[in-house]
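Hi everyone, thanks for coming. Let's look at this one together, and please have the picture open while I talk.

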Amino acid sequence: MRLRSAPAFAALAATALMATACGGGGEDAQEGTDTTLVIWSDPERAAAIEAAAQSFADTNGIKVDVQQLAFGDIQGDLLNAHQAGNAPDIFIGAHDWTGNLVRNGAVQPVELPEHRAETLDETSVQALTYDGQLFGVPYSQENIFLMRNTALAPDAPETFEELVEVGTSLKESGETSEVLSMAVGQEGDPYRMNALFTSAGGYLFGQDDEGNWDPTDLGLNSDESIAAMEKIAEYGEAGQGVLRRSIDTQNDAALFFDGEAPFFIAGPWNIGDADAADLEYAISPIPGFEGEGPARPYIGYQAFFVTEGSANSALAQEFLANHVTDPAFILSLYESDPRTPVQLEALEEVSADDANIAAIAEAGAEGMPMPSIPEMGETWEPLGKAEAAIIGGADVRETMESTHETIAEKIGG
């Protein structure tokens, strides 16, 4: 990670602003109020970002233009715009885009002062670090968790086996129709399944001594990963029937909110509907298997990036370093779009007012950042189909070894 001391970073910003006043120079072609800092945001956070950016613009004698795009379109549109030479200065995105953005030369390292980095959750900073350099400033995280109907299951299960025992008893008594509502679907769902897969000892990509994801260490055909999926298969359609392909993201929430399942593998996006539903619920970590490791759900981080080649690079860097790490800004973003902050002071404040935020953060304590290497994109479809097939009763070793070969060919490993 590249960290710059506060005095050095202040000098960098001052130099950039002096160049602006003098008619530009260096990389930044800035001329007073003719300079416009362009930021791409999704609609949910645009107003909060514009308010903070406008204050920054007024202070620095520049203009700001916050342009709204659907979040799912930002990465692809950014790569196209960068190639065409009309990309924004700053954009909001997901941490797992980092590897692809770096590979395409579309983002520049962020020089974050150490005293600012220390105000952020350490894992979030690591997640935005690629090949030893920080490429974005994280501001929020999201992870899945266990939601339970407290009228049916008053206590949080300590193990997956305990969850199954409680859920099975309720199903056999006719109180529910499902033990657990966990989306699998016909195409599988590796994002959700990772929590159980890792608890049972499986792994997708290994990591080197410095914690960097290693695409050459693909682990799906390892004895550990095969054993993990054999464990999961015990709860599939040919086993106890807890995990089923008929439950997917189209009906998983409805099963829980309608009282048909006591437990639900949910995400922050389900909180609004849960609050509106006629039930009492509680949030806790997804339990791991008895005698095995903890369940490790994927954690996704939202972050701000600076585009490589930005005409306003120094100003964009200053905005990320001094505003994206500011608790007041993070709290304004939270009001617009409630996501768990990674800025520690902001997290403490919102957790005191919202028990769900504290519970979600706790549920992610054992989580793992989603791998940010470009090769990750080649794994979702084949791994999902493999997991769905295994849930449906397919031979575990044969399926995992075949899937390993398919992915290895795609990524050249």
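Which residues is H95 in contact with, leaving aside its neighbours within four places in sequence? They are A127, L128, I299, G300, Y301, P369, M370 and S372, where contact means heavy atoms within 4.5 Å.

A quick word on the source: this is a predicted model, so local features need pLDDT of at least 70 and side-chain atom pairs count only at pLDDT 80 or more, while totals for chains, interfaces and linings use all residues. Residues are numbered from 1 along each chain as its sequence is written, and side-chain values use heavy atoms, with hydrogens and water left out.

Back to H95, which sits in the loop between strand 4 (90-94) and helix 4 (98-103). Helices (H or I, at least four residues) and strands (E, at least two) are DSSP runs, numbered from the N terminus. H95 is buried because its relative accessibility is 0%; buried means under 20% relative accessible area, exposed over 50%, partly exposed in between (1.4 Å probe, protein chains only).

Now, salt bridges: a side-chain nitrogen of Lys or Arg within 4 Å of a carboxyl oxygen of Asp or Glu. By this rule there are 12. One of them joins D223 and R397, at 3.8 Å from N to O. D223 belongs to helix 9 (residues 223-233) and R397 to helix 17 (residues 396-411), so the pair ties together parts 174 residues apart in sequence.

Another pairs E381 with K385 at 3.0 Å, N to O. Both lie in helix 16 (residues 380-391), 4 residues apart, about one turn of the helix.

Finally, find the network of salt bridges linking D42, R45, E142, D337 and R339.
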